[in-house]
Amino acid sequence: MASQVSRVIEAPEKTTNAIDREKVCPLLLRVFCNNNRHHRPEEFSRGTTPPNELQIYTWLDATLKELSSLVKEVNPEARRRGTYFDFARVFPAPRNPNYRLNEIGMTCSGRKGPDDSVTLASKSFQIGDYLDIAITLPPPKGGAPQDFSGGRQWMSR
C-alpha cells in the first residue's frame, strides 16, 4: 500500500520596507547644496566638507521630492517653479581614502518627474553618507528656456 506524505509550506510574507516614523528614530542627513553643479569629491576628503552644510533629520524612506521640499524651506530662491534639484550620494570609496559621488535622481519644483518617489534606501544610501544637491534655478522671465533635464522628459502637474 502506498502512503501519501503531504507537506505544508508557508508562503513567505511580503516584506515592505515602510518605516514606522512614530517608532523609528530618524537619522542625521548631512546635505551640501551648490548652484548649478555638484561639489567635487575632493572637497569631502581628509576630514573636510564644503562649508554650506544643511542638517536634516529624516528616515531612509524619505523621497527625493520630500527632501527637495525641506531644502526649499531654508532656501527661498529654490522655491521658484522650474528649479531643478539634482541629487547625488557622496560616500567613502572602498579601499582608499577618497570619496565617490553617485547621482541618484533629479526633481523639479512645480513639476512631476520620474525620480520624485525615489527613496534614499532604494539608492543604497547608508547612514554616514552625505547628500550633495546641485540646485539649478530657472532662467529669468523672457530668457531662452534651458534643458537641465539631462534628456529626461518631465510631465506637467
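Predicted model: local features only at pLDDT ≥ 70, side-chain atom pairs only at ≥ 80, totals over all residues.
Figure 1. R30 belongs to strand 1 and E53 to strand 2, so the pair ties together parts that are 23 residues apart in sequence.

**Figure 2. D61 and R21 join up across the chain.** Here's another salt bridge, this one between the side chains of D61 and R21, at 2.8 Å from N to O. The partners come from distant parts of the chain: D61 is in the loop between strand 2 (53–58) and helix 1 (64–74), while R21 is in the segment before strand 1 (27–35), and 40 residues separate them. R21 has a relative accessible area of 30%, so R21 is partly exposed.

Figure 3. Look for E43 and R40, which form a salt bridge whose closest N and O atoms are 3.8 Å apart. With a relative accessible area of 44%, R40 is partly exposed. Salt bridges with shared partners join R37, R40, E42 and E43 into one network. How many salt bridges does the count come to? It comes to seven.

**Figure 4. Strand 3 sits between two neighbours.** Strand 3 (residues 84–92) is mostly covered, with eight of its nine residues buried. Nine bridges join strand 3 to strand 4 (residues 99–108), and the two run antiparallel. As a landmark, find F85, which stands opposite T107 in strand 4. Strands 3 and 4 form a hairpin with six residues between them, and R95 in the turn has a positive phi of about 65 degrees. Strand 3 is also joined to strand 6 (residues 130–136), by seven bridges, and this pair runs antiparallel as well. Your landmark there is Y84, opposite T136 in strand 6. One more thing to spot: R89 lies over the face of F91, at 4.0 Å from the ring centre.

**Figure 5. The two sides of helix 1.** Which residues of helix 1 are buried? They are L64, K65, L67, S68, V71 and K72. These residues cover an arc of only 160 degrees around the axis, so they end up on the same side of helix 1. Turn to the other side of helix 1 and you'll find E73 and V74, which are exposed. The buried residues of helix 1 pack against strands 1, 2, 3 and 4, strand 5 (111–112) and strand 6.

Figure 6. The structure holds five aromatic pairs. In one of them, the rings of F32 and Y130 have centres 5.5 Å apart and planes at 85 degrees, so the pair is edge-to-face. F32 is in strand 1 and Y130 in strand 6, 98 residues apart, and both are buried. F44 and Y99 make a tilted pair, 6.4 Å centre to centre with 45 degrees between the planes. This pair links distant parts of the chain too: F44 is in the loop between strand 1 and strand 2, Y99 is in strand 4, and they are 55 residues apart. F44 counts as buried because its relative accessibility is 1%, whereas Y99, at 22%, counts as partly exposed. Ring pairs link F32, F44, Y99 and Y130 into a cluster.

Note on methods:
Residues numbered from 1 in each chain as written. Heavy atoms only, no water. Salt bridge = Lys/Arg side-chain N within 4 Å of Asp/Glu carboxyl O. Helix = DSSP H or I, 4+ residues; strand = E, 2+ residues; numbered from the N terminus. Buried < 20%, exposed > 50% of the residue type's maximum accessible area, 1.4 Å probe, protein only. Pairing = 2+ DSSP bridges. Arc of directions from axis to C-beta. Contact = heavy atoms within 4.5 Å. Phe/Tyr/Trp six-rings, centres within 6.5 Å; stacked < 30°, edge-to-face > 60°. Lys NZ or Arg CZ within 6 Å of the ring centre and 35° of its normal.
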